[in-house]
Amino acid sequence: MGVGITVEHLNAFYGKTQALFDINLTVQANHATALIGPSGCGKSTFIRCLNRMHETIPEARVEGKVRIGELSVYNGTSATQLRRRVGMVFQKPNPFPTMSIYDNVAAGLKLNGFRKRKQLDEVVEKSLRSSALFDEVKDSLHKKSGASLSGGQQQRLCIARALAVQPEVLLMDEPCSALDPISTGKIEELIFQLKEQYTIVIVTHNMQQAARVAEFTGFFLLGKLVEFDKTEKVFTNPSDKRTEDYVTGRFG
Amino acid sequence: MADTNSNLGAPVVPPISWRRRATDNLMTGLSILTVVIVLAPLFAIFAYLVYKGIGSINLAFLTQTPKPVGEVGGGMANAIAGTALILGIASLLGVPFGIGAGVFLSEYGRNRFGDAVRFVSDVLNGVPSIVIGIVAYGLVVVRQKHFSALAGGVALAIMMIPTIARTTEQMLLLVPQAIREAAYGLGVSRWRTTLSITLRTATSGIITGVMLAFARVAGETAPLLFTAFGNQFWNWKLNQPTAALSLQIYTYALSPFDDWHRQAWAGSLVLIVLIVSAVAAVRIVVRRGKLAGA
């Protein structure tokens, strides 16, 4: 089951440059939350703070509180422990090129020391089914490299890989930006099904996509969270003028 | 056609002039020429070695030890084995240290200490091989009070390390950050990611570096002169003087005997064939493990 996320007074920096300013928000469990905003506004930085990926960049640092379920992200939890519960799908599909399709999906479990063959088989099949890829690859699970798939298939492979470690939260950083409309459609359908089991936070440049998949939407501008509300309200009756300008296409 | 273009507002592309065609052909010709010039010496050397050496290669050459001075016949079997032994020791020591240093430089070496290691490694790469031999002499031979296969292996290992370290570093840096992030995102720790993801992704490039280093030291003579020293008899002990093909070739080529000269040619041919087959064998084994589309 998914868990909720609470963020309090979050500030993020790259060296001396501040990228996020005092972000406060609550993400509902088992719902999809979309983050929109122009390029460079901090959406990706924000999502990377949720699974402590931000700090893998040299000189990057974070201040503030993030809670995922009962877990305090920046206080007493190791980054690797946390990331097993908070899966991530990246902007560009990034399967492990030297691994077979099967090994790509099993990677999270195998590399963390899980080796029971039969259970691995089950998890791999289940994850590939959840990401709607199983039927397309079932005959070449061990034969083909993850990099040999098409872009859309690769992204679904990456989703399967993230699901295989059975996270509670799934972070998606513009998962469809490198995909054609058909693959995008498949992934959006997938997000709809996945919300039943996971809490989803999705960064997107595509406002229609935000409107289609998410119950809640946050609008970022220049490192600040300008507005956070029900998706319907953000798109039809935003309370901030800047949000209205952005969603109606007057700037950005 | 040109009209349609101007109607669309696009600039009209002029036809390719004879000058541009001529330049194109000239440059293609020049690059082919340079390839020929680079490859010609290699083939010339190999052809000449085959011409001079093939006649002296027979069963005795490959299975017997050298005959005493003045007797015709005998072979270099002990030197072939010695070269294999010394190269084995060198690889066993040089490959792990070289790859380890390369991993450090690429994954943890973005700082001044890393820059220092890079600089030292490049200097080490330029140190004359005879000097490396003296170092191994001081490190191993003086302590053991013996010339030995181990000392020869240590000398060659020192020569392998900088090449392997720098190519490993370059190959690891070519692995996209996104691949590492994918592993971090699954809750895989940093050292696990380096070991199972980054290194594995860069394997084929790293193996190229290892083979380059291996091929380079396989024919080295100078660092073995006062480390492995050479031996007229069989030796499998690590702490005893050991024959090596390159040493045997050196001794025989400088000798006044025609039969030894012939054997030196044969030895050179065997050495080159062994190096080429070792490199080819590794390549084949690596390729076999590859997946479709990888």
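Visitor: Which residues in α7(B) meet which residues in α10(B)?

Guide: This is a predicted model, by the way. On the α7(B) side there are L156(B), M159(B), M160(B), T163(B), I164(B), T167(B), T168(B), M171(B) and L174(B). They meet G205(B), I206(B), T208(B), G209(B), V210(B), L212(B), A213(B), F214(B), R216(B) and V217(B) in α10(B). By class, that contact divides into twelve nonpolar, six polar and one charged residue.

Visitor: Why are α7(B) and α10(B) called roughly antiparallel?

Guide: Look at the angle: α7(B) and α10(B) pack at about 160°, with their axes 8 Å apart. Angles over 145 degrees count as roughly antiparallel, and therefore α7(B) and α10(B) get that label. As for handedness, α7(B) passes α10(B) in a right-handed crossing.

Visitor: And what makes α6(A) and α7(A) roughly parallel?

Guide: Again it's the angle. Helix α6 (residues 151-164) of chain A packs against helix α7 (residues 181-194) of chain A at about 20°, with the axes 9 Å apart. The label roughly parallel goes to angles under 35 degrees, so α6(A) and α7(A) qualify. The crossing of α6(A) past α7(A) is right-handed.

Visitor: Which residues meet where α6(A) packs on α7(A)?

Guide: From α6(A) you have G151(A), G152(A), Q155(A), R156(A) and I159(A); from α7(A), S183(A), K186(A), I187(A) and L190(A). Sorted by class, the contact has three nonpolar, four polar and two charged residues.

Visitor: How do you know that chain B is more spread out than a compact globule?

Guide: Chain B has 26 Å, while the rule gives 19 Å for 294 residues; 26 Å is well over that, so chain B is more spread out than a compact globule. Along the principal axes, the C-alpha trace of chain B spans about 90 × 55 × 35 Å. Its secondary structure is 13 helices and zero strands.

Visitor: What makes chain A agree with a compact globule?

Guide: Here the two values match: a compact globule of 252 residues would have a radius of gyration near 18 Å, and chain A has 18 Å. The C-alpha atoms of chain A fill a box of roughly 55 × 40 × 30 Å along the principal axes. Chain A has ten helices and ten strands.

Visitor: How much of each chain counts as buried?

Guide: For chain B, 37% of the 294 residues count as buried. For chain A, 50% of the 252 residues do.

Visitor: Which residues of α9(B) are called buried, and what covers them?

Guide: A residue is buried if 20 or more other C-beta atoms lie within 10 Å of its own. In α9(B), T193(B), T194(B), I197(B), T198(B), L199(B) and T201(B) are buried. Their cover includes α4 (77-108), α7 (149-174), α8 and α10 (203-218) of chain B.

Visitor: How many residues are in contact between chain B and chain A?

Guide: 21 residues of chain B are in contact with 28 residues of chain A. On the chain B side, α8 (177-185) and α9 (190-201) each supply at least two residues.

Visitor: Which helix gives the most to the side of chain B that touches chain A?

Guide: That's α8(B), with six residues. By class, the side of chain B that touches chain A divides into ten nonpolar, seven polar and four charged residues.

Conventions. Residues are numbered from 1 along each chain as its sequence is written. Chains are lettered from A and ligands numbered from 1 in the order in which they are written. This is a predicted model: local features need pLDDT of at least 70, side-chain atom pairs count only at pLDDT 80 or more; totals for chains, interfaces and linings use all residues. Axes are lines fitted to C-alpha atoms, for helices over the stretch in contact, and angles run from 0 to 180 degrees between N-to-C directions. Helices (H or I, at least four residues) and strands (E, at least two) are DSSP runs, numbered from the N terminus. Angles under 35 degrees count as roughly parallel, over 145 as roughly antiparallel, 65 to 115 as roughly perpendicular and the rest as oblique. A crossing is left-handed if the near helix is turned anticlockwise from the far one by less than a right angle, and right-handed if clockwise. Two residues are in contact if their C-beta atoms, placed from the backbone, lie within 7 Å. Ala, Val, Leu, Ile, Met, Phe, Trp, Tyr, Cys and Pro count as nonpolar, Asp, Glu, Lys and Arg as charged, and the others, Gly among them, as polar. The radius of gyration is taken over C-alpha atoms; the globule rule is 2.2 Å times the number of residues to the power 0.38. A residue is buried if 20 or more other C-beta atoms lie within 10 Å of its own, exposed if 12 or fewer, and partly exposed in between; C-beta atoms are placed from the backbone.
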